[in-house]
Amino acid sequence: MIILQKILENINYLGGIALFLIGLHTVVTHSNLIKRIIGLNIMGTGVFLFFVAIGNVTGGEPPIMTEDNIGAIFINPLPSVLILTGIVVVVSMTVYSLSLVIRIFETYGTIDQKELTRLISEQNNHD
Amino acid sequence: MIEQLPIINLLLLLGTALIIPLFKKRPFQLSLTLCFLVLLTVLVSSVFLLIHVLEYGEFYYHFGNHENLIGIEFLIDAFSAFFTVFVAALVLVIYLYSWKDKTEGIENKEFGRYYILLFILLFSIFGILYSNDLFNTYVFIEILSITSCAIISIKRKKETYTAAFRYVMLNEIASMSYLLGVALIYMITGHLNLERVATSLQSIWPLYSTNIIIAIGFMTIGVGIKAAIFPFHIWLPDAHATAPSTSSAILSGIVVKIYILVLVKLLFRVFGMEIVEALHIKWIMLILGSAGMIMGSIFAIAQKDVKRMLGYSSVAQIGYIILGIGLFTEAGLQAAFFHIISHGIMKAALFLSVGVIIYYKHVQKLKDFEGIGYQMPISMTVFSFGALGMVGIPLTSGFISKFNLGIAVIDANLIFFLIIIILSGLLNVVYYFPIVISAFLKDNKEMQKIPHIEKVPNIMLIPILTLGVAIVVLGLFPNLIMDIIVSVVATLF
């Protein structure tokens, strides 16, 4: 019962780490390049969830100051702001790697890593 | 005024990257000259900052005049000022070389875009070195990752795409690991500023040791993948071999070193010696470094392509630097920093002289190098100096760094690693000397009749000659920079 309680208390952190690991597993094991990029995005989401979860304060209010809530406990807005930057970075990384996949598909005609490795090694032996 | 110079440097580099597209209709020479002037200005102002810092001590730059509790902070001390001077000077030389070397598969209309990427890359390097904030460093690292992948894939050749894809995947895994480490640190300290994090880590280290251990693991592995420390080096040979020569020189000589410097910052300034010693990071780094030194050289022996060989040689040389840092003594760090400089110069010289040969002969395989010393004496001589430096022959800068590293290892009472340094030096001989010998010493009458004319533009020869001279000058007068390195190391202890 205590373990269940612990899990429920830290569910945000656990979810973040779980997403991170699922993403890492996808990147490392899948041979489809698009799926790898999706895996990276899942990994990124895991880290972002973890980061945002840090900012939470139990019983805190959204950090918007009005006349009513002076002196109230606010949640920490900084992690959310940082993660905005992180999201932008991951989007640009995704765009760049997707454009690379397009080029790879144009030149090799496949986006499967195993197929690519075979084609490249054939080409090297040919030289 | 002098307090504003770091931000002016950054703005100049970023501004130039934005201005280049506007010059599209004008003659290309104009934007080339403009970029040259900007690089020169940045170099001069970095030198100015270095002199100022050495004389009056470090200073901080606060963005928007917010104090470091809530704002972003730049720290300009001997460490950042010295390495920015190194980066600016080396990039200036490589930039001059890149004026003419368009043959390497970069199309003419993409050439302007290449410089946009180059300047954004420099901008992020300066940012990483100056920054005194964990998250700000992450953002600059990401900019550096994207641009360094893009200067590989800009070359329209089949292999570059797969190499760049692998690089970008590993880069992103590494960035995410680093960010998770930052999150874990922020969770327990509530700060992102390096100094504030360091002070609070000292006091809460026994309380939250699990967090700190996981954070240090994620951050070290993240930066380690990007710095190509031995077991994480798999992306490096492909990426460096397929890139255009100038990109290879920049990636191998500068970008990889920047990540090592980030690692140094993390270990010495954020976590501090107490935590590092408690977690036995010293031994992990020593073993990884020496494994890299041996395995990188063994892989390099098996290569048939000269640029792949140079890539694996980089893995071995990074092993030396990691070994020097892993000693965690002042002498070890001095040797490591000297090797960062001397390896940067030597690798740039090697890649650029190979680039001249590729430009002229369009060959990249080792077997085609036979007798090439008679046809291209200048570039092959510079290549030989670089190779001698890599092996560690006296009179070259490579000797000084290996000598210092050997002395540091003896001081630390770890004789076993001295044997590995010598063994790795011998392995370097095995793969560097055959090239030099087959290029110069093959007794071939036909080769000697070929006229010694290098139909290579002077603007490409002058940079590689400069680098060749720099190797020898640093080998003869190491104290030119050793005195500065001593004060750089003093800022870390």
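Reader: Why is B:Arg269 called buried?
Author: The relative accessible area of B:Arg269 is 16%. Buried means under 20% relative accessible area, exposed means over 50%, and partly exposed lies in between (1.4 Å probe, protein chains only). Since 16% is under 20%, B:Arg269 counts as buried. The model is predicted: local features need pLDDT of at least 70, side-chain atom pairs count only at pLDDT 80 or more, totals for chains, interfaces and linings use all residues, and side-chain values use heavy atoms, with hydrogens and water left out. Residues are numbered from 1 along each chain as its sequence is written, while chains are lettered from A and ligands numbered from 1 in the order in which they are written.

Reader: What makes B:Arg269 and B:Asp77 a salt bridge?
Author: A salt bridge is a side-chain nitrogen of Lys or Arg within 4 Å of a carboxyl oxygen of Asp or Glu. Here the N to O distance is 2.6 Å, so the pair of B:Arg269 and B:Asp77 passes. The two residues belong to distant parts of the chain, 192 residues apart. B:Arg269 is in helix H10 of chain B, and B:Asp77 in the loop between strand E2 (73-76) and H3. Helices (H or I, at least four residues) and strands (E, at least two) are DSSP runs, numbered from the N terminus. B:Asp77, at 2% relative accessibility, is also buried.

Reader: How many salt bridges are there over all chains?
Author: The rule gives 5. Among them are the pairs A:Arg118 with A:Glu115 at 3.1 Å and A:Glu122 with A:Arg118 at 3.0 Å.

Reader: What is the spacing of those residues in helix H5 of chain A?
Author: A:Arg118 and A:Glu115 are 3 residues apart in the helix, so about one helical turn separates them. A:Glu122 and A:Arg118 are 4 residues apart, again about one helical turn. A:Glu115, A:Arg118 and A:Glu122 are linked in a network of salt bridges.

Reader: Are those side chains buried, partly exposed or exposed?
Author: A:Arg118 has 39% relative accessibility, A:Glu115 has 33%, and A:Glu122 has 44%. Each value falls between the two limits, so A:Arg118, A:Glu115 and A:Glu122 are partly exposed.

Reader: What makes B:Ser98 and B:Tyr115 a polar contact?
Author: A polar contact is a pair of N or O atoms within 3.5 Å; within protein, one must be able to donate a hydrogen and the other to accept it, and residues adjacent in sequence count only if both atoms are side-chain atoms. The side chains of B:Ser98 and B:Tyr115 are joined at 2.7 Å, so the distance is inside the limit. B:Ser98 is in helix H3 of chain B and, at 3% relative accessible area, is buried.

Reader: Which residues does B:Ser98 touch?
Author: B:Ser98 touches B:Phe111, B:Tyr115 and B:Thr246, leaving aside residues up to four places away in sequence. Contact means heavy atoms within 4.5 Å.

Reader: How many residues are in contact between chain A and chain B?
Author: 37 residues of chain A are in contact with 32 residues of chain B. The two chains bury about 3100 Å² between them, 83% of it on carbon and sulfur atoms. Buried area is the accessible area (1.4 Å probe) that two parts lose on being put together, summed over both. The interface has 0 salt bridges by the rule, but 5 residue pairs in polar contact (both at pLDDT 80 or more).

Reader: What are the domains of chain B, and how many salt bridges lie across their interface?
Author: The domain assignment gives domain 1 (1-167 + 231-263) and domain 2 (280-493); such bounds come from an automatic or database domain assignment. The rule finds 1 salt bridge across the interface of the two domains. B:Arg308 also forms a salt bridge with B:Asp238, the closest N and O atoms being 2.6 Å apart.

Reader: Are B:Ala228 and B:Asn413 buried or exposed?
Author: B:Ala228 has 0% relative accessibility, so it counts as buried, whereas B:Asn413 has 63% and is exposed. Neither is a glycine, yet phi is positive, about 60 degrees for B:Ala228 and about 65 degrees for B:Asn413.
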